[in-house]
Amino acid sequence: MTRADMMGRKCCCEPDFSTKKAIPEGYKKALWVVFILNSMMFLAEIATGFFSKSASLQGDALDFLGDALNYAISLLVIGYSLRVTAWAAILKGATMGLLGAWVLAITLWHIAHAIVPEATTMSIVGSVALLVNVVSFLLLWRFRSEDANMHSAWICSRNDVIGNCAVLLAAFGVFHWVKGWPDYSVAFIMALLALQGAWVSIRMALKELRSLSVC
């Protein structure tokens, strides 16, 4: 085997953390916008979710926090090699999974204490959150198929749009029946979405890592 062949094999099999790859035009700007929007919505929802006693709003607030952290990770690794971004996707998937488990815990606590949330606040805040997440979803749509890292960022925004629609339905249910079960149900669904998103992101990232290990 020649020296050139050996060098070529090394590049194929060993991690390359320094080599950067080309990124789609506009992706970094889109990430900054959705990062700022999600950070602001986390602060707004965590406060209103606490005072309105809504498990679904608190769950959505934690989801906004997780998304903001995930977008921050995406910004840190943007343009780096596929191996680096795949590991970033695994980290983000783990974050989504932990937040999903936390939302489940909040929901069970609300069920145990038979808490009925304040429907008007849920409706107003849920509507604003839906608008923010639709904007994020549209900004990230065209980048969703680039790699696991970009796909995981899009999954975050997709789950949020679905979650916010469900929060509005929960608000209507709470207002109509004056019961807490619509809020509990939506919070439970949001937790499952987070866990499903975590599984998809991690599975896709592991697939990319396995493909890189083949020489």
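This is a predicted model: local features need pLDDT of at least 70, side-chain atom pairs count only at pLDDT 80 or more; totals for chains, interfaces and linings use all residues.
Residues are numbered from 1 along each chain as its sequence is written, and side-chain values use heavy atoms, without hydrogens and water.

**Exercise 1. Check the span of helix α5.**

Step 1. Helices are DSSP runs (H or I, at least four residues), numbered from the N terminus. Helix α5 covers residues 119-140, which is 22 residues.
Step 2. The expected span is 1.5 Å times one less than the number of residues.

**Exercise 2. List buried residues of α5.**

Step 1. Apply the cut-offs: buried is under 20% relative accessible area, exposed is over 50%, and partly exposed is in between (1.4 Å probe, protein chains only).
Step 2. Buried residues of α5 include Ala119, Met122, Val125, Gly126 and Leu140.

**Exercise 3. Classify the ring pair of tryptophan 32 and phenylalanine 35.**

Step 1. Rings of Phe, Tyr and Trp (its six-membered ring) pair if their centres lie within 6.5 Å; planes under 30 degrees apart are stacked, over 60 edge-to-face, the rest tilted. The count by this rule is 4 aromatic pairs.
Step 2. Tryptophan 32 and phenylalanine 35 lie 5.9 Å centre to centre, with 80° between the planes: edge-to-face.
Step 3. Both sit in helix α2 (residues 27-52), 3 residues apart, so about one helical turn separates them.
Step 4. Tryptophan 32 is partly exposed at 43%. Phenylalanine 35 is partly exposed at 22%.

Definitions and conventions
Helices (H or I, at least four residues) and strands (E, at least two) are DSSP runs, numbered from the N terminus.
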